[in-house]
Amino acid sequence: MTNTDFFIPRLAIVGVGLIGGSLALALRQAGAVGEVIGIGRGLANLEKALELGIVDEITQDVVAGTREADVVFLATPVCKLGEVAAAIIPSLKDGAVVTDGGSVKASVIAEIEPLLRPEVSFVPGHPIAGTEQSGAEAAFASLYRNRRCILTPTARTSGEALELVQRMWQTSGSEVVVMEAEKHDRILAAISHLPHMVAYSLVNAVGSYDRYEENILEYSAGGFRDFTRIASSDPSMWRDIALTNPEALIEMMERFECFFAELKEDVRSGKGERLYEFFQRSKELRDNIL
Ligand SMILES: NC(=O)C1=CN([C@@H]2O[C@H](COP(=O)(O)OP(=O)(O)OC[C@H]3O[C@@H](n4cnc5c(N)ncnc54)[C@H](O)[C@@H]3O)[C@@H](O)[C@H]2O)C=CC1
Ligand SMILES: O=C(O)C(=O)Cc1ccc(O)cc1
C-alpha cells in the first residue's frame, strides 16, 4: 500500500546493516519503494536481511545487484564507499541516483566524484541517527523518525537528484538539512566524532587501571554506563571515521584537551568557585538540548 506520492521502483542497498537496513524498512513502511535489492559481502548477514523482510533479493555481486536500480544507497563503512562506487558506476543505468550514508563527507566526495559519468548523479548524505549496534539485525524502521539528515551536494550534484534524495529522507521521517561538506565534517567532528574518541579513551583509561587486583569496571553505575554506551560501537567503523576526518577531529581533540587541562588545574588548586561555574555553565548547555 502506497501512502505517499514518492516512490522508488527499484532500490539497491549496498551494505545491509543498521543504516542501510533501516532506510529500506522505513521506505517499505511508507509504501515508498517497490523492489529492494540487498548487496553485501557477508552471506549470513544478507540471509538475515532477507529473513527479516528488509530486502526482497540478495546478492554478493555488487555490479549485478545495482545495474537496474533507480536509486543506489551506499551504506558500507566509509573507507569502502569509493571502492564500491568505482565498481558499480560504469554499469549503472542512465538516470540512476547514487547516494550514501557515510559519517564523513569531504573525503567520500573526493573519492566518488571523479568516478561519475554524466548520466549518473551522486548526492552525498549522512543521516544523523544511529546506535552502537550494527548488522541487519540492528535495523529498525523508526531509526530516522524525527532525526536530521544532512545532504552535502556539490556543484556537480543535479538539482533533480538532490530533490529525490531529499524526499527519500523526508519519507523516512527525517528533517533534511543541506550544507557544505567541510562544514558537515567540522560539525560532526565536534558533536559525534569527538564524543566517541572521549568515550573510547575513558573506557580504556578506567579499564586498564590496575592498582587493585580486580576489574573496577564492575563497579560502574548509571553515569559511567550512560556516558560510555557509544564505546560499544563498531571499531572498524570508527577507525574509518578517524582516518577520513583527521583535521577537524584533531582540532576538536585539542579543544577538549584545553578544557580538560583547565579543569585539572582547578581541581589541583582547589578553586571551588571556578569549578562551580564550569559545572553550572555545562549543566545549562546540556539541559537545553534535552
Ligand atoms: N552506526 C551508526 O550509528 C551510523 C553509521 N553511519 C555510517 O553508515 C555506514 C554504515 O554503518 P552501519 O550501518 O552502522 O554499519 P553496519 O556494519 O551495520 O553495516 C555495514 C554493512 O556493510 C557491509 N560491507 C562492508 N564492506 C562492504 C563492501 N565492500 N561491499 C558491500 N558491503 C560491504 C558489511 O558487511 C555490513 O553488513 C558507515 O559509513 C557509517 O559511517 C551513519 C550514521 C550513523
Ligand atoms: O549511537 C549513537 O548515539 C550515535 O552517535 C550514532 C551515530 C554514529 C555515527 C554517526 O555518523 C551518526 C550517529
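**Close-up views of a predicted model**

Figure 1. The shell around ligand 1 comprises 30 residues, of which G15, G17, I19, G130 and S134 come nearest. Twelve residues of this shell are nonpolar, 15 are polar and three are charged. At least two shell residues come from each of two elements, helix 1 (18-29) and strand 7 (125-128). Helix 1 makes the greatest contribution to the shell around ligand 1, namely three residues.

**Figure 2. The crossing of helix 7 and helix 10.** Helix 7 spans residues 181-207 and helix 10 spans residues 246-268; their axes come within 9 Å and cross at roughly 60 degrees. The handedness of their crossing is right-handed.

**Figure 3. V203 in helix 7.** Helix 7 contains V203. This residue counts as partly exposed because 18 C-beta neighbours lie inside 10 Å, whereas 20 or more would be required for a buried residue. V203 is 79 residues from S282 in sequence, and their C-alpha atoms are 22 Å apart in space.

Figure 4. Helix 11 (residues 272-288) is built of 17 residues. From its first C-alpha to its last, helix 11 reaches 24 Å, close to the 24 Å expected at 1.5 Å a residue. Helix 11 is hardly covered, as the count of buried residues among its 17 residues is zero. The segment after helix 11 includes I289. I289 is exposed, with 5 other C-beta atoms within 10 Å. Between I289 and V16, the separation is 273 residues in sequence and 31 Å from C-alpha to C-alpha.

**Figure 5. W238 in helix 9.** W238 is located in helix 9, which covers residues 235-244. There are 20 other C-beta atoms within 10 Å of W238, so this residue is buried; the threshold for that class is 20 or more. W238 and H193 are 45 residues apart along the chain, and 8.3 Å separates their C-alpha atoms.

**Figure 6. L164 in helix 6.** Helix 6 (residues 159-171) holds L164. With 18 other C-beta atoms within 10 Å, L164 is partly exposed.

**Figure 7. N146 in the loop between strand 7 and strand 8.** The loop that joins strand 7 to strand 8 (148-151) contains N146. Most residues other than glycine have a negative phi. N146 is not a glycine, yet its phi is positive, at about 60 degrees. Within 10 Å of N146 there are 9 other C-beta atoms, and the residue is therefore exposed, since the class takes in counts of 12 or fewer.

Note on methods. Residues are numbered from 1 along each chain as its sequence is written. Chains are lettered from A and ligands numbered from 1 in the order in which they are written. This is a predicted model: local features need pLDDT of at least 70, side-chain atom pairs count only at pLDDT 80 or more; totals for chains, interfaces and linings use all residues. A residue is near a molecule or strand if its C-beta atom, placed from the backbone, lies within 6 Å of it. Helices (H or I, at least four residues) and strands (E, at least two) are DSSP runs, numbered from the N terminus. Ala, Val, Leu, Ile, Met, Phe, Trp, Tyr, Cys and Pro count as nonpolar, Asp, Glu, Lys and Arg as charged, and the others, Gly among them, as polar. The expected span of a helix is 1.5 Å times one less than its number of residues. Axes are lines fitted to C-alpha atoms, for helices over the stretch in contact, and angles run from 0 to 180 degrees between N-to-C directions. A crossing is left-handed if the near helix is turned anticlockwise from the far one by less than a right angle, and right-handed if clockwise.
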